Amino acid sequence: MRRMWWMAAVPALVFGCATGSSNKMSDSAKTQDAAQHSLQKAADAQKHALDEQQKAEQLQQEVVQKQKDLADAQARLQGQRAKAEQAQREARTTADEAHREAQQQQSRAMQLQRTEAQQNQQMNQQNQQAWTQTKNVSGRAVSASGDEVLVRSSDQGDLRLKVNDSTAITVDGRMGKADDIKPGGNVRASYQMIDGQPTALRLDVTSRSGSSSGASSGSGSSGSGSSGSGSSGSGSSGSGSSGSGSSGSGSSGSGSSGDTSSTQQPR
């Protein structure tokens, strides 16, 4: 009976061991699968973490590059601002210099204008004085026309004198005109500069014929005077005056004789 129980129990025990072994193997497999799954999950998480780390590092590099670019841009901005400020200072300096130069130029221009105005005034005064100043010339007539007389003088050379209606002309002591002036006559003239031309105010002309006749009449009167003085107060003085052909000489001769007789009476 015991043997049969044992024999019956052995298969049951074997079956139970087998069942328990299979159950244990199934739990181990599940555990291993769970561990593998956890490891895979951890690996995936680690991979994901690595990917995210790489992304973070890449973004960090981009941030560093952007910061570097920003720093470069800020440096360029500061440099450009410095250049702009320098340009503004130079512009203000240039504007101030230009303003001062303009003021100096304006002052010089005003000074030059005043100087030119003074010079023009002095020149006008000098010209006015020269135009209104009366000048004299003496010489010989070279030619004469209705409105011009050419006079040759030793100190002023050939001088063309304009003649107009206001010019007073005398020829041999008589009133005349420019056409009456003959070449070679002695000319004494007074003139002024009018419109840049020497214009005669007065012309006194002595022609050659007039000067020769005046010289001969002067010699005749001197001869009669000598005859009158040669008379001794007698009647011969009258004959001496009649010989000279001048009544004036006879009267001076008689006067001389009268004086001679009057001075001889006290003797």
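Which residues have the most contacts inside the largest nonpolar core? In this predicted model, local features need pLDDT of at least 70 and side-chain atom pairs count only at pLDDT 80 or more, while totals for chains, interfaces and linings use all residues. Residues are numbered from 1 along each chain as its sequence is written, and side-chain values use heavy atoms, with hydrogens and water left out.

The largest nonpolar core has 17 residues, and those with the most contacts inside it are Val149, Leu161, Ile169, Ile181, Val187 and Leu203. At least two residues of this core come from each of strand 1, strand 2, strand 3 (157-162), strand 4 (168-171), strand 6 and strand 7 (197-206). Such a core is a set of buried Ala, Val, Leu, Ile, Met, Phe, Trp, Tyr and Cys residues joined through side-chain atoms within 4.5 Å, where buried means under 20% relative accessible area with a 1.4 Å probe and protein chains only; strands are DSSP runs of E of at least two residues, numbered from the N terminus.

Strand 1 (residues 135-144) runs antiparallel to strand 6 (residues 186-194), to which 6 bridges join it, and Asn136 stands opposite Ser190 there. Strand 1 is also joined by 4 bridges to the antiparallel strand 2 (residues 148-153), through a hairpin of 3 residues, with Arg152 as the bridge partner of Arg140.

Leaving aside neighbours within four places in sequence, Val187 is in contact (heavy atoms within 4.5 Å) with residues including Val137, Val151, Leu203 and Asp204. Asp204, which lies in strand 7, has a side chain joined to that of Thr170 by a polar contact of 2.6 Å, a polar contact being a pair of N or O atoms within 3.5 Å of which, within protein, one must be able to donate a hydrogen and the other to accept it, and residues adjacent in sequence count only if both atoms are side-chain atoms.

Notes: Pairing = 2+ DSSP bridges. Buried < 20%, exposed > 50% of the residue type's maximum accessible area, 1.4 Å probe, protein only.
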